[in-house]
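Reader: I am new to this structure and would like a close look at a single part of it. Please keep the account plain.

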Amino acid sequence: MTDTASRPGAAECPQCGAPDPLPIHYGYPEPQHIRAALRGEIALGGVVSQPDPPTFECRLHDCGYTFSV
Ligand SMILES: [Zn+2]
């Protein structure tokens, strides 16, 4: 378990343990980001001012936990 942290999809939700969390796209979403979000491939984080926003969002709607890896 040395080189998995940088690979998207390698993590799991620390809240519920669901695998394959969605990478969060920050900033104003372009059309391709919106399409990807509708396909369930990414999450849209919008414009944030936090210095270190979370990088992943749990793909389970009931959970929705956001976290960094
Ligand atoms: Zn979760």
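In which sense do β1 and β2 pair, parallel or antiparallel, and over how many bridges?

Author: The model is a predicted one. In it, β1 and β2 pair in the parallel sense, and three bridges join them. The chain gets from β1 to β2 by way of α1, and this β-α-β crossover is right-handed.

After α1 comes glycine 40, which has a positive phi, near 80 degrees.

The two strands belong to an open sheet. Its four strands are arranged in the order β2-β1-β3-β4, and the pairing is mixed. β2 (43–46) and β4 (66–67) are the edge strands, each of them pairing on one side only.

On to the pairing of β1 with β3. Strand β1 spans residues 22–26 and strand β3 spans residues 56–57; the two pair in the antiparallel sense, over two bridges. Here leucine 22 stands opposite glutamate 57 in β3, and proline 23 stands opposite phenylalanine 56, also in β3.

Phenylalanine 56 has a list of contacts that reaches well along the chain. Leaving out residues up to four places away in sequence, phenylalanine 56 touches Ala11, Pro21, Leu22, Pro23, Ile24, Thr66, Phe67 and Val69. Phe56 is also part of the largest nonpolar core, whose five residues are Leu22, Ile24, Ile42, Ala43 and Phe56. In soluble globular proteins, nonpolar side chains tend to be buried together.

One of the residues that phenylalanine 56 touches, Thr66, is found in strand β4. Threonine 66 has 18 other C-beta atoms within 10 Å; a residue needs 20 or more to be buried and 12 or fewer to be exposed, so threonine 66 is partly exposed. With neighbours within four places in sequence left aside, the contacts of threonine 66 are Ile24, Pro54, Phe56 and Glu57. As for glycine 45, its C-alpha atom is separated by 9.9 Å from that of threonine 66, and the two residues are 21 residues apart along the chain.

To return to the question: β1 and β2 are parallel partners, while β1 and β3 pair in the antiparallel sense.

How values were computed: Residues numbered from 1 in each chain as written. Predicted model: local features only at pLDDT ≥ 70, side-chain atom pairs only at ≥ 80, totals over all residues. Pairing = 2+ DSSP bridges. Core = buried A, V, L, I, M, F, W, Y, C linked by C-beta atoms within 7 Å. Contact = placed C-beta atoms within 7 Å. Right-handed = clockwise from strand over helix to strand, strands pointing away.
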